[in-house]
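Biologist: I would like to learn how to read a model like this one. Please take me through it feature by feature.

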Amino acid sequence: MRLKNYLKDKILSIIIYFLATILIISILLAFKMSIYLVLIISTILLVTGISILLLEYFRKRNFYQNLITNLE
């Protein structure tokens, strides 16, 4: 499994995640929260989202590599 194919499979999840992030940032800005707080929360959300995608990718990649190895 290649990362490019994995991201194509997860495109809907990625879009929903980013829309939710934009909504959260908009709400924070609407309540006039500090721009630093908005930046910190945005960074945390971005790092968390990327980490989750990468962890799932590597777990599935290892599974499929082991499966292909066992089938050969």
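**Reading the model**

Modeller: Lys32 counts as exposed because its relative accessibility is 73%. Buried means under 20% relative accessible area, exposed over 50%, partly exposed in between (1.4 Å probe, protein chains only). This is a predicted model: local features need pLDDT of at least 70, side-chain atom pairs count only at pLDDT 80 or more, and totals for chains, interfaces and linings use all residues. Residues are numbered from 1 along each chain as its sequence is written, and side-chain values use heavy atoms, without hydrogens and water.

Biologist: Where is the place of Lys32?

Modeller: Lys32 lies in the loop between helix H2 (11-30) and helix H3 (35-71). Helices are DSSP runs (H or I, at least four residues), numbered from the N terminus. The phi of Lys32 is near 55 degrees, a positive value in a residue other than glycine.

Biologist: Which residues make the nonpolar surface patch?

Modeller: Patch residues have over 30% relative accessible area and no salt bridge, and nonpolar side chains are joined within 5 Å. Here Leu3, Leu7, Phe18, Leu46, Ile50, Leu54 and Phe58 form a patch of about 570 Å². Helix H1 (3-9) and H3 each give two or more residues. H3 gives the largest share, four residues.

Biologist: How does Leu7 count, buried or partly exposed?

Modeller: Leu7, in helix H1, counts as partly exposed because its relative accessibility is 33%.

Biologist: What is the mean pLDDT of the protein?

Modeller: pLDDT is the predictor's confidence in each residue, from 0 to 100. The mean is 93, and 100% of residues reach 70 or more. Among the elements, H2 has the highest mean (96) and H1 the lowest (91).

Note on methods: Patch = residues over 30% accessible without salt bridge, like charges linked within 9 Å, V, L, I, M, F, W, Y side chains within 5 Å. Areas by Shrake-Rupley, 256 points an atom, 1.4 Å probe, with all protein chains shown as cover. Salt bridge = Lys/Arg side-chain N within 4 Å of Asp/Glu carboxyl O.
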